[in-house]
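Here is a short note for a colleague opening this structure for the first time. Please keep the sequence and the model side by side while reading.

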Amino acid sequence: MPEQSRELLDKLKELEQEFNDSLNNLTSDKEVEELRVQYLGRKGKLAEIMDKLPNLPAEERPTFGKTANEIKSRLKDAVEAKQKELEKSVAEQDFSQFDYTLPGRRPWQGSVHPVSQVLDEICSVFEKIGFDIVTGPEIETDFYNFEALNIPQNHPARDMQDTLYVTESLVLRTHTSPLQIRTMLGQTPPVAAIAPGKVYRRDADLTHSPMFHQIEGFLADTGVTMAELRGTLTYFVQSIFSSNTRVRFRPSFFPFTEPSAEVDISCVICNGSGKVNNEPCRVCSQTGWVEILGCGMIDPQVFKAVNYDPEIYSGFAFGLGVERVAMLKYGIDDLRLFFDNDLRFLNQFNRLPAS
Ligand code: DAH
């Protein structure tokens, strides 16, 4: 074979060898592409050799051209094979890190706060027996929060509640009882409503929070007696706790009711026995009873404030703390858990399946 042709063919073989050696060591698509351009590109190493083709004697060109084309197509095949190999190894690598037998992760999901759950539950218990739900402002006037509820200025009864004042005559409501006045002023009897909402007092410890929730309930009509009060509250307690929960009334005092009572229920933790596993029950301090709410027959002074004739109408009222009901219902002994918003606590009240 003539010298010129031989020289070029050797160069081609060298090029192929060099190319294959380099390709073997590559680990990424990007490197493979760079090598392809370097050898097979329009101005690449192969093209450089091919450019010399016209210099060869005419009779040698076909053989050389044929060999050059064969090498070119082998290089192309090698590039393709390498790309496939890399693709496959990436897939295998990802697959080895992916355990498809693991259960999927649920997205984070919000849920209703336990206090709101209990509040909703109490409201629906009363709605079922015909009570309306009413709401009112959290910043309340002295008149609605105190005066109209038979708690006059400078009366010692004001000491019962540590009030947060906004101005001299505006307060953060200390209870939901003002809704008795607001509702009765706008309606004539019969009236039956419950008023859920936030209330505020200057108080903070294990069992008191500066903000908490109350539900006020009241009913005014002709011929209402304490028997209706007792029946309504027994139905409420047995709906929220259990049908064998017992109720007792203890005489008490509230300025807006006469007579007044505090209501105890048989302890829901020890079922009224005072003992849990032979140990003293911590929730009721062994007494078997826990206090749940205040109530009474609406005081004639309150009826006068809303222009109801106390000679014609009578009624009952009660007020309860929602957090207190929730604590009793779930056996929680620190009120602050409700306000810390620790997800480990709140998730226990998530009614959706655990994630
Ligand atoms: N308002 C009272 C309080 O916050 C609770 C209360 C007691 C409401 C007796 C009533 C009631 O309607 O009759 O302490």
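**Notes on the model**

1. E311 lies in the loop between α9 and β11 (314-321). Helices here are DSSP runs of H or I with at least four residues, strands are runs of E with at least two, and both are numbered from the N terminus. At 73% relative accessibility, E311 counts as exposed. Buried means under 20% relative accessible area, exposed over 50%, and partly exposed in between (1.4 Å probe, protein chains only).

2. A word on the source. This is a predicted model, in which local features need pLDDT of at least 70 and side-chain atom pairs count only at pLDDT 80 or more, while totals for chains, interfaces and linings use all residues. Residues are numbered from 1 along each chain as its sequence is written, and side-chain values use heavy atoms, leaving out hydrogens and water.

3. Turn to A305, in helix α9 (residues 300-305). A305 is partly exposed, at 25% relative accessibility. Which residues does A305 contact, leaving aside its neighbours within four places in sequence? They are A148 and L185, where contact means heavy atoms within 4.5 Å. L185 is 120 residues from A305 along the chain, yet their C-alpha atoms are separated by 8.5 Å.

4. A91 gives another pair to check. A91 is in helix α4 (residues 61-97) and is partly exposed at 46% relative accessibility. The C-alpha atoms of A91 and D299 are separated by 80 Å. Along the chain these two are 208 residues apart.

5. Helix α5 covers residues 114-128, 15 residues in total. The expected span is 1.5 Å times one less than the number of residues. For α5 that gives 21 Å, and the end C-alpha atoms are 21 Å apart, so the two agree. Buried residues in α5 are P114, V115, Q117, V118, L119, I122, C123, V125 and F126. Just after α5, G130 has a positive phi of about 95 degrees.

6. How do α5 and α10 cross? Two packed helices are described by the angle between their axes and the distance between the axes. The axes of α5 and helix α10 (residues 322-330) come within 9 Å and cross at roughly 100 degrees. That makes α5 roughly perpendicular to α10. Axes are lines fitted to C-alpha atoms, for helices over the stretch in contact, with angles from 0 to 180 degrees between N-to-C directions. Under 35 degrees counts as roughly parallel, over 145 as roughly antiparallel, 65 to 115 as roughly perpendicular, and the rest as oblique.

7. Now the residues at that crossing. From α5 come V115, Q117, V118, L119, E121 and I122. They meet V322, E323, V325, A326, K329 and Y330 in α10. By class, the contact has eight nonpolar, one polar and three charged residues. Ala, Val, Leu, Ile, Met, Phe, Trp, Tyr, Cys and Pro count as nonpolar, Asp, Glu, Lys and Arg as charged, and the others, Gly among them, as polar.

8. Aromatic pairs deserve a look. Rings of Phe, Tyr and Trp (its six-membered ring) pair if their centres lie within 6.5 Å; planes under 30 degrees apart count as stacked, over 60 as edge-to-face and the rest as tilted. By this rule there are twelve aromatic pairs. F126 and F131 form an edge-to-face pair, 5.3 Å centre to centre with 70 degrees between the planes. Both F126 and F131 are buried. F126, F131, F236, F316 and F318 form one aromatic cluster.

9. Y330 and F349 also pair. Their ring centres are 4.9 Å apart and their planes stand at 75 degrees, so this pair is edge-to-face. It links distant parts of the chain, 19 residues apart: Y330 in helix α10 and F349 in the segment after α12 (343-346). Y330 is partly exposed at 33% relative accessibility, whereas F349 is buried at 10%.

10. Last, the backbone. Most residues other than glycine have a negative phi, and most peptide bonds are trans. A cis peptide bond joins P189 and P190, with omega about 5 degrees. Another cis bond joins E258 and P259, with omega about -5 degrees. N271 is not a glycine, but has a positive phi of about 60 degrees.
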